[in-house]
Amino acid sequence: MPFINHTAREINLKIVYWGAGLCGKTTNLQYIHSRIRPAHRGALLRLELETEPILFFDFIPQTLGDVDGYRLRFHLYCVPGPVFYDASRVLVLKGVDGLVFVADSQRAREEANVEMLEILQSDLAARGHDLARLPLVFQYNKRDVPDIFSPAELDDLLDVGDHPRVEAVAVQGVGVFDTLKASARQLVAELRRPA
């Protein structure tokens, strides 16, 4: 559920980038941060929790307009990929409004992708959330490397269903903003949906 700051007339929305280690979550956030004008974004922060890093920043988009006179402020987070960083993942999921699952397209990363999706479902369920009810975008990253799954194979592997999916090469910025826009559109649509 978004945090609404009535004094500042802002709706704060939290998007969490999730996926296996080295799939490109951090690269996505760094690229986005580097391309947003400084006047419209906060600092890119790295919070170390007993060697468990969390990367995050916030920004105010200029193209989405407002919702009922409230401007939107997005808070982007990424979680560490290794499974042993459970405490960081739990912390980052608190108050999540939307998710981006960054899948590594390489065939060798099949097990890691599936494992992180299962962990996401489990971590959300433990907090009373259902992944099927949260805005979710799948990003198929590393489309530029050899021996990768086709998008259709990844759809099946990750049981994507009707969720949006974006092909990406995050190190080149390809698909990075398309992914963010797809997530933001889902969140804004949720806000504008009649109660």
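Select Asn12 and His75: their side chains are joined by a polar contact of 2.8 Å. A polar contact here is a pair of N or O atoms within 3.5 Å; within protein, one must be able to donate a hydrogen and the other to accept it, and residues adjacent in sequence count only if both atoms are side-chain atoms.

Before moving on, note that this model is predicted: local features need pLDDT of at least 70, side-chain atom pairs count only at pLDDT 80 or more, and totals for chains, interfaces and linings use all residues. Residues are numbered from 1 along each chain as its sequence is written, and side-chain values use heavy atoms, with hydrogens and water left out.

**Stop 1: around Asn12.** Asn12 lies in strand 2, residues 10–18. Strands are DSSP runs of E with at least two residues, helices runs of H or I with at least four, numbered from the N terminus. Asn12 has a relative accessible area of 11%, so it is buried (under 20%; exposed is over 50%, partly exposed in between, with a 1.4 Å probe and protein chains only). Now show its contacts, meaning heavy atoms within 4.5 Å. Leaving out residues up to four places away in sequence, Asn12 touches Pro2, Phe3, Asn5, Arg73, His75 and Asp97.

**Stop 2: two cysteines.** A disulfide needs two cysteine sulfur atoms within 2.5 Å. By this rule, the count is zero disulfides. Both sites can be checked for burial: Cys23 is buried at 0% relative accessibility, and Cys78 is buried at 3%.

**Stop 3: helix 1 and helix 5.** Select residues 25–35 and 176–192. The axes of these helices come within 10 Å and cross at roughly 90°. Axes are lines fitted to C-alpha atoms, for helices over the stretch in contact, and angles run from 0 to 180 degrees between N-to-C directions. Helix 1 is therefore roughly perpendicular to helix 5, a label for angles of 65 to 115 degrees. Show Asn28, Tyr31, Ile32 and Arg35 of helix 1, with Val176, Phe177 and Leu180 of helix 5; these make the contact.

**Stop 4: Arg109.** Arg109 sits in the loop between strand 7 (98–104) and helix 3 (110–126). Its relative accessibility is 25%, so Arg109 counts as partly exposed. Arg109 touches Ala20, Gly21 and Asp104, not counting residues up to four places away in sequence.

Note on methods. Angles under 35 degrees count as roughly parallel, over 145 as roughly antiparallel, 65 to 115 as roughly perpendicular and the rest as oblique.
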